[in-house]
Amino acid sequence: MNTEIHLPELKKDASQAFHSGFACSESVIFAIRKHFALEMSDDAIAMSSGFPWGLGGGGCICGALAGGTMCIGYVFGRTVPGDSKVQTCFRLTQELHDSFRNSCGGTCCRILTRGMEKQSPERKAQCTAFVEHTVEKVAEILLREAGTS
C-alpha cells in the first residue's frame, strides 16, 4: 500500500471522477485505489455502483460514505467467519461515519439533498464536497493506521 499521498491530488482525482461519469461511491473507491495503489480489482468499483442516490435512488446512506466504508473494509475487513480483526474495521468505520455526519450534516442521501433536483448544479456541488470529504477522511484513517501520519 502506497503511503506517499498528496491529499489535494487525491481530492482532485475523486472530484474529476465524479464529474466524468462515476457516481459518488465509485469516485471514492476509484481515487483511494489509485492513490494508495491498492491491488483492488475493478469489481470493487462495480460492486459499489448500486450505492449512489441512497441505494439506487432509495435515499438511504450517502453513496460517498458507503464507498468509503468499502475502502476501509477492503483494508481492515475480515474474510473468515468469526475473525476478531473485524472489530478494528467497525471502529474505523464508525470514525468515518461520525466524521461524515458531523461535517456533512447527516448520512442519509434524501435528508442531505432535500429540495434539490437530482441533476442540479447545486446538488452536484454539494455531493462533490461529500466525495472530497470522504476520500480525505478515508486517507487520513488509512495513513494513521499504517503509522505514517
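Predicted model: local features only at pLDDT ≥ 70, side-chain atom pairs only at ≥ 80, totals over all residues.
**Entry: helices α5 and α8**

I began with helix α5, residues 63-76, and helix α8, residues 121-145, whose axes come within 9 Å and cross at roughly 15 degrees. Because angles under 35 degrees count as roughly parallel, I noted α5 and α8 as roughly parallel to each other. I also recorded that α5 passes α8 in a right-handed crossing. I then listed the residues that meet: A64, L65, G68, C71, I72, V75 and F76 on the α5 side, and F130, V131, T134, V138, I141, L142 and E145 on the α8 side. Sorting the residues of this contact gave me eleven nonpolar, two polar and one charged.

**Entry: W53**

Next I looked up W53, which I found in helix α4, residues 52-55. Its relative accessibility is 33%, so I wrote W53 down as partly exposed. Setting aside residues up to four places away in sequence, I saw that W53 touches A23, G58, G59, C109, K118 and R123. I also checked W53 against L38, which is 15 residues apart from it along the chain, and found their C-alpha atoms separated by 26 Å.

**Entry: T113**

Last I turned to T113, which sits in the loop between α7, residues 109-112, and α8. With a relative accessibility of 7%, T113 counts as buried. A polar atom of the T113 side chain lies 2.7 Å from the backbone oxygen of C109. Leaving aside neighbours within four places in sequence, I found T113 in contact with R123, Q126 and C127.

Note on methods. Residues numbered from 1 in each chain as written. Heavy atoms only, no water. Axes fitted to C-alpha atoms, helices over the stretch in contact; angles between N-to-C directions. Helix = DSSP H or I, 4+ residues; strand = E, 2+ residues; numbered from the N terminus. Parallel < 35°, antiparallel > 145°, perpendicular 65-115°, else oblique. Left-handed = near helix turned anticlockwise from the far one by under 90°. Contact = heavy atoms within 4.5 Å. Nonpolar A, V, L, I, M, F, W, Y, C, P; charged D, E, K, R; others polar. Buried < 20%, exposed > 50% of the residue type's maximum accessible area, 1.4 Å probe, protein only. Polar contact = N/O pair within 3.5 Å; in protein donor to acceptor, adjacent residues only side chain to side chain.
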